[in-house]
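I opened my notebook to record what I looked up in this structure. My entries follow in the order I made them.

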Amino acid sequence: KPHVSAALGRIQPSATLAMTARVTKLKADGVDVIGLSAGEPDFDTPDFVKEAAIEAIRNGQTKYTLVDGTVALKDAIRGKFRRDNGLDFGLDQISVNVGGKHTLFNALVATVDAGDEVIIPAPYWVSYPDIVAFCGGTPVIIEGTAAQNYKITPAQLDAAITPKTRWIMFNSPSNPSGAAYSPQELDAIGEVVRRHPHVMVMVDDMYEHVWYADFAFSTLAQRCPDLIDRILTVNGCSKAYAMTGWRIGYAGGPAWIIKAMAKLQSQSTSNPCSIAQAAAAAALGGPQQFLDDRNAAFKKRRDMVVAMLNDAPGLNCPTPDGAFYVYPDASGCMGKKTPDGKLIDSDEALIDYFLDSARVAAVHGGAFGLSPAFRVSYATSEAVLKDACVRIQQACAALA
Ligand code: PLP
């Protein structure tokens, strides 16, 4: 009879991928549904990146590479860390993996034992608690509520740390809230970390380049250089360079973690795709100007979506400083009934109602650990977003 491992039994399929699959099925059935569930830029991979990949194929870069990345790509990543973050890593402090998710997975599997605690601020990226649970660790959730602009306070963090804490997961700008921490807020987080020498921080900077705040992006290792031995800085090409399909993620940090990750990778995926690595090196080392143009387009959409969702009865949508998501609080919709008499008693019920009656797909807040809310991705055209927001407004207005 079928048997799955205990480790697999501890995890759920990704809720965002599940919703995106539902949308794909509805579309295939001919239903006019607007999908706002996928965490993927609608822009194309830049041409100069594609050309670098084609060139790599032509000149024979089609074989195994070093297990955790080519020297050429690691050098491009070192250059990126110097240019963007003022961080100077050695070659033995860089790991390249099959997407940012794989980087996080490798780092956690390589370091988390059964019983270890990993602190995860909510709302969190869906995969953090599942990967921790897969390792046999215990996710410890602390909530950054809408009233706190979806950020945690240093006091909350301090209170959550125990002798069993192995990692703190830290993601700014955040998926799903778009919340971004200021340099001063990072300093205050660093101050807490400094007091607990056994704790490490996994800093997920995946949305570094999708940024609208009037202060500049910074990362914890840059703000707190004295903590460099306890920080793994994770990033990737997926979001900044519209390269979700190429699957390149990477990390910079202590050589012992990088080595442990390579050992794990040597017995699982081996090297990331050689052609994708060549493309990633071109992306990281090439012109970066287009990022500003894309941010300008994202910002316009953000402003429209925030304004329109705040006009929907029952929703309160804070304005994010980065990423391409908004995370409206839906407290005002709870306890109401749909025109069909169905009670909206959870954000999951609200999202089902949006999908069934308004034909708009978002992801319920429960998947990100903070309810009642939902996540909308605005990585799609303004015209589609406007249509979607009107549908959500009408659906909210029809609740009584
Ligand atoms: N970290 C965050 C916060 C994300 O939102 C994502 C993707 O959605 C990832 C990491 C992983 O990105 P990928 O595996 O597509 O490179």
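**Entry 1: domains.** I started with how the protein chain is divided. It has domain 1 (6-44 + 290-397) and domain 2 (60-285). I kept in mind that this is a predicted model. Next I looked up the separation of the domain centres, taken over C-alpha atoms, and found 26 Å.

**Entry 2: where the domains touch.** How many residues of domain 1 are in contact with domain 2? I noted 34 residues of domain 1, in contact with 31 residues of domain 2. I then asked which elements give two or more residues to the side of domain 1 that touches domain 2. They are helix 2 (15-28), helix 12 (290-310) and strand 9 (325-326). Helix 12 gives the most, with five residues. I also sorted the residues of this side by class. There are 17 nonpolar, nine polar and eight charged residues.

**Entry 3: strand 7.** I turned to strand 7, residues 231-236. Is this strand mostly covered or mostly open? I wrote down "mostly covered", as six of its six residues are buried. I checked both faces. On one side Ile231, Thr233 and Asn235 are buried.

**Entry 4: partners of strand 7.** I looked for the strands that pair with strand 7. Strand 6 (residues 200-204) runs parallel to strand 7, and four bridges join them. I found Ala251 of strand 8 as the bridge partner of Val234.

Entry 5: In what order do the strands of the open sheet come? I noted 9-12-11, with antiparallel pairing. Strand 9 and strand 11 (363-364) are the edge strands, and each pairs on one side only. Strand 11 is joined to strand 12 (residues 374-377) by two bridges. In this pair Val363 stands opposite Arg375.

**Entry 6: the ligand.** Last, I looked around the ligand. Which of the 13 residues around it come nearest? My list reads Gly99, Gly100, Lys101, Asn175 and Ser238. By class, the shell around the ligand has nine polar, two nonpolar and two charged residues.

Definitions and conventions. Residues numbered from 1 in each chain as written. Predicted model: local features only at pLDDT ≥ 70, side-chain atom pairs only at ≥ 80, totals over all residues. Near = placed C-beta within 6 Å. Nonpolar A, V, L, I, M, F, W, Y, C, P; charged D, E, K, R; others polar. Domains from an automatic or database assignment. Contact = placed C-beta atoms within 7 Å. Buried ≥ 20, exposed ≤ 12 C-beta atoms within 10 Å, placed from the backbone. Pairing = 2+ DSSP bridges.
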